Amino acid sequence: FGIARAVSTQENLTQAGSVMGTATYFSPEQARGEMVDARSDVYALGVVLYELLVGTPPFTGDNPVAVAYKQVQEQPVPPRRLDPSIPPALEAVTLKALAKRPADRYPSAGELRNDLLRFHRGQAVSAVAALPATGATRAVRAVDGTTVVPAYAGYDTVAEEIRPRRWPLVTTLLVLVLALVGLGVAFANNLGIGDGVAKVDVPDVVGETVDDATTELEAAGFEVKVTNVENDSVELGRVVRQDPEGGSKFDEGGEVELFVSAPKEVAVPDLVGDTLDNATRNLTNLGLLVESTDQFDDVRPRGEVLSQDPVPGTPLAAGGTVKVVVSKGPTEVAVPDVRNKSRDEAADELSAAGFNPIIQSARSDSVEVGKVIRTDPGTGSMLAKGSNITVYVASGAATIEVPNVLNQTEAQATAALQAAGFRTSVAGQAVQASDVGKVVNQSPSGGERAAPDAVITIVVGQASTTGSTGSTTTTTTTTTTTG
């Protein structure tokens, strides 16, 4: 791919002491004249893999400088846009190898080979395709897998025509690439060159418990990744298989994946929008546990599930835990202190805080008429926004002084008490002739304080009568006057 055709200056960039190679397979750092390492070769392999899949290199141009510029500045069109039949995992591997930053690529050809082997075995690949958000450069029109029309602007342009690829041929070429990469890695390892990472023996931990296997592998210098799998023939918690296999050589400090026998997995249901009680019941029926936390929400009602982890559809082993966030209802805020403020000021401040003020009149000996006496709930209470707050506004004194009406006539006393804001109750009592018609007693007494509109009882003297036996009879009458 290029080297065999490297016979014209249209395909090559050669400048002694600076850059040498075929522009089509340059890595970005190579095109910039920076230091290169094994990851630069990974980029070149990514170009080869891309060309195998879609029939054209990711970047082409009228001259090597134009191609080199694209290697540095532009993103490749994702292969599946040109041929949707390409498996997503294979596209992800290709785009990771073609990452602009060396740190985002596979660290070595061996790592690229391992991911391709995982794809070949139908396992999940480690690659994550990092596609650019905007700004690609061209769309190609695949005719027979090898011919392309000139590039043009517009990353989102859909390929005009895509004919089925000759996948058997491509698969054969892919196997050849894997073989070449594998031979190169093995050769470099045998010579002690390559990525410079020491190779050590991988312990065989199949059949061991996951804890024992992890301890053994970590002692040998490896990182450990555990993946649960269902297996009816292996005891729960023991290693079913491992990757890389026991007895092989692998990078010191590399990651060994353990596939551990685990209980049957169930799909996590969709709990968002359900009540916590229903969500708990559903999870319990599936053999799963629930862990809940509360969170204020001004939209969702109290007790409704707002979010969950894992997301719906995620496989989870029996006994696993699903975390949910549950609404506590609207955000709670403190009731502001509006005491001794005017009615309007208090209403405005409470409304601004998110409450609904309800005004009521009340009497107070200490608060000026028209000012707030208190609120219910009181100052500082934590309440949800939208709650009702009763505001008590002073309408007058709570108590007033009772006039002294002793020795006044009934009419005079009644008028004086009513003028002060009281009602009156009149009772009669036999007295000496000099006190007849006068108030001889009152309750409450003059000078005491009573609530406005309270009833003040006055006792008016009446003449006594003498019976046929010569004894004196006292007559008492009671009348009530409403002021």
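Colleague: What does Val 93 touch, not counting residues up to four places away in sequence?

Modeller: Val 93 has Leu 49, Tyr 106, Leu 112, Asp 115, Leu 116, Val 125 and Ala 127 as its partners, where contact means heavy atoms within 4.5 Å. This is a predicted model, so local features need pLDDT of at least 70 and side-chain atom pairs count only at pLDDT 80 or more, while totals for chains, interfaces and linings use all residues. Residues are numbered from 1 along each chain as its sequence is written, and side-chain values use heavy atoms, with hydrogens and water left out.

Colleague: What makes a group of residues a nonpolar core?

Modeller: The residues must be buried Ala, Val, Leu, Ile, Met, Phe, Trp, Tyr or Cys, joined through side-chain atoms within 4.5 Å. Buried means under 20% relative accessible area; exposed is over 50%, and partly exposed lies in between (1.4 Å probe, protein chains only). The largest such core here has 24 residues, and Val 93 and Tyr 106 have the most contacts inside it. Helices α2 (38-54), α5 (88-97) and α6 each supply at least two of its residues, with α2 giving the most, nine. Another core, of eleven residues, lies apart from it and includes Val 402 and Phe 422.

Colleague: How do you know that Arg 39 and Asp 37 form a salt bridge?

Modeller: A salt bridge needs a side-chain nitrogen of Lys or Arg within 4 Å of a carboxyl oxygen of Asp or Glu. The closest N and O atoms of Arg 39 and Asp 37 are 2.8 Å apart, so the pair meets that limit. The whole structure holds 15 salt bridges.

Colleague: Why is Arg 39 called partly exposed?

Modeller: Its relative accessible area is 27%, which falls between the two cut-offs. Asp 37, at 34%, is partly exposed too.

Colleague: What makes Asp 243 and Arg 118 a salt bridge?

Modeller: Their N to O distance is 3.7 Å, so it is within the limit. Asp 243 sits in strand β5 (residues 239-243) and Arg 118 in helix α6 (residues 109-120), 125 residues apart. Helices (H or I, at least four residues) and strands (E, at least two) are DSSP runs, numbered from the N terminus.

Colleague: Why does Asp 243 count as buried?

Modeller: Because its relative accessibility is 18%, under the cut-off. Arg 118, at 17%, is buried as well.

Colleague: Which salt bridge does Arg 121 form?

Modeller: Arg 121 pairs with Asp 243 at 3.6 Å between the closest N and O atoms. Arg 121 lies in the loop between α6 and α7 (167-191), so this pair ties together parts 122 residues apart in sequence. Through shared partners, salt bridges join Asp 115, Arg 118, Arg 121 and Asp 243 into one network.
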